[in-house]
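Please read these comments with the coordinates open.

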Amino acid sequence: MDEDFDIPAAADMADDLDLSDATVAIKVGEEKEIGNQGLKKKLLKEGEGWEFPDNGDEVEVHYTGTLLDGTQFDSSRDRGTPFKFTLGQGQVIKGWDLGIKTMKKNEKALFTIPPDLAYGESGSPPTIPPSATLQFDVELLSWTSVKDICKDGGIFKKILTQGDKWDNPKDLDEVLVNFEAKLDDGTLVAKADGVEFTIGDGYFCPALAKAVKTMKIGEKALLTVKPQYGFGEKGKPASSNEGAVPPNASLDITLELVSWKTVSEVTPDKKVIKKILKEGEGYEKPNDGSIVKVKLIGKLGDGKIFLRKGHDDGEEPLEFKTDEEQVIDGLDKAVVTMKKGEIALLTIAPEYAFGSSESQQDLAVVPPNSTVYYEVELVAFDKEKESWEMNNQEKVEAAGKKKEEGNVLFKSGKFARASKRYEKAVKFIEYDSSFSEEEKKQAKALKVACNLNNAACKLKLKLYNEAEKLCTKVLELESSNVKALYRRAQAYIELADLDLAEFDIKKALDIDPNNRDVKLEYKTLKEKVKEYNKKDAKFYGNMFAKMKKIESA
C-alpha cells in the first residue's frame, strides 16, 4: 500500500464482534455475511488446504481497493509488492482483520466492508469519503504463524522452520536445544548449542521452558519475550559467558529444538520413572503374562554396577514372564510400557526395588532402602494371547486359568495382583453372544466367581466403591446370591450407606437364615447404627445448646 495510506486501523472500533460464521463454507461466486456487523465476503477463487491464519500471524496479501462506484483508491498489485501486516493487532482496518482470518492460502475473495469496519463517519480524506463502504479484492499469498503462547502477550512465537512429527515435549522430558538471546537493540546476551535440560527445571529464563513445550522436533522459532518471562524487574548481571540483561528488558530469542528424551511416570506415585534413550519399533508392547527378553545393567546411586545381563559376548539376554514377580516390581511395571528395540533408563525407588532389606545381587550388594537405576533394552517379547485371538472354548479355558491364578495370589495375601487376574478372566468371556449354551453356562459361573472374588480383593484393599459395583454385577446375573449381598453390605457399611447395607443383609438372611457370616455382619451394622445415632445426638445437642445461649444473651 502507499506509504501515506497503509490501511490504518479505524479509531474507536468495537472489539466484541460475533464471528460465529467466520469460516463457514462458501462456494466460488457465492457471497455471504461474516459475523453480524455487515461484513460480506464473495469467494473468487478456492484456497488450498484447511488451515486459516489467526491473530498474531504475519500475513502477506495482494489487494485492490475500490469504492462502490468502482473508483480505485489503492492497489498492491499495481505497485508489484505484496503487503505484509500482523493479523488482529489493529495495524489495518477492522474489516481486514476479521475477513482475512476466514481465508486459506492462495484464496481470492472480494470483501465488502461497511463504514463501521472501515473508516467510519469521518472517512480518510482525500481518498476515502465519509461513511464510505469499501470493496477489497484480496489474495492471501502466505502467512507466518505467530502465537501468543501464554495468552497474555508475554511470549510471541514466530516459526522460522517447521518441525517434524506431531508431538511436543512435556515437563518431565529432557530437551536438547540451540538458542541465541538478544536485547531489543540487537546486543547479544547469550548463545549456546547443544544445551540439555529438563523442561520442568527450566533453563536461562522462563520463556525457554514455556516455548519449547509448544515445539516439534527440528522446529526453529523466534521468541519475542516480555520481561515477566525474561529476567523481570531485577534483570541479570553479566557472567563469564553471558551478557547482562537490564531491568525490565524484553528479549528476542532464537530457539531450535534439536531432540528430546521422553520421561514418564510408570507408577502413579512417581516412584518409577522411565527416560527413553532410544525409541523402539512400531506400536506393540508386552502385556501381563508376556515372555520378555531384555539386556540389563543395574546400578546404585554411586554408579556401582550390581547386575549386568546380556551385554557380554555370548551371554543371552535376561528372560522373564511379566507380572509373575520374577524380577523387581519396578522393572516388571516398566517393561510393559516399552516397545521392541527401545532402550530406557529407569529410576526405581526402594518400594519398587529391594525395599528395606539388603540384597545380594550378581556383582554387588544392594544396601537397604536403595534407589536403583536400570538401563534396559527390550530385545524381544512374546505376548500372552489376547481374547480376540482365541476361539470360544479357548476363552473359557483362559478365564478359568486366570481365576485359579487369582485364587493362589489371594491366599498369599497379594490382593492387588489377584484382582488383576480376576479382571482379566472376566475380560476373556465378557462378550459371549457367539457362545454355545454350554459355554454360556460356564462363562456365567466364571463371571460370578471372579467378580465375587474380585470384590473380596477390593474390600481388602479398602476400595469400597469398586467392591460395591462388582457385587452389583453379580446380582444382575444372580439376584439371590448371598455372597454378593453380604459383600455389598460390607462395602455399604464402610461407605456409611447403612440403610442400603441393612436392606442387603435382611435379604441375605431371608434367603439363608442360618448364615453365620451374614448374622455377624448384621451385628456389626447395628453397632454402627448406634455409633452414628450417638454422634447425631451429640451434634444436635451441642447445636441446640448454642442456640439457647444465643437466645438468652
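The points below take the sheet, then the salt bridges.

1. This is a predicted model, in which local features need pLDDT of at least 70 and side-chain atom pairs count only at pLDDT 80 or more, while totals for chains, interfaces and linings use all residues. Residues are numbered from 1 along each chain as its sequence is written, and side-chain values use heavy atoms, without hydrogens and water.

2. Six strands form an open sheet in the order β8-β9-β12-β13-β10-β11, with antiparallel pairing (strands are DSSP runs of E, at least two residues, numbered from the N terminus; two strands pair if DSSP finds at least two bridges between them). β8 (146–148) and β11 (188–198) each have a single partner strand, so one side of each lacks a neighbour in the sheet.

3. Within this sheet, β10 (residues 174–183) and β13 (residues 251–261) run antiparallel and are joined by 10 bridges. Glu-174 has Lys-261 in β13 as its bridge partner.

4. There are 40 salt bridges in the structure (a side-chain nitrogen of Lys or Arg within 4 Å of a carboxyl oxygen of Asp or Glu). One of them joins Asp-171 to Lys-213, with the closest N and O atoms 3.0 Å apart. Asp-171 sits in the loop between β9 (155–161) and β10, and Lys-213, 42 residues away, in the loop between α3 (206–212) and β12 (220–225) (helices are DSSP runs of H or I, at least four residues).

5. Glu-423 and Lys-458 also form a salt bridge (3.3 Å, N to O). Glu-423 belongs to helix α6 (residues 415–428) and Lys-458 to helix α7 (residues 437–460), so the pair ties together parts 35 residues apart in sequence. Lys-458 is buried at 7% relative accessible area, whereas Glu-423 is partly exposed at 33% (buried is under 20%, exposed over 50%, partly exposed in between; 1.4 Å probe, protein chains only).
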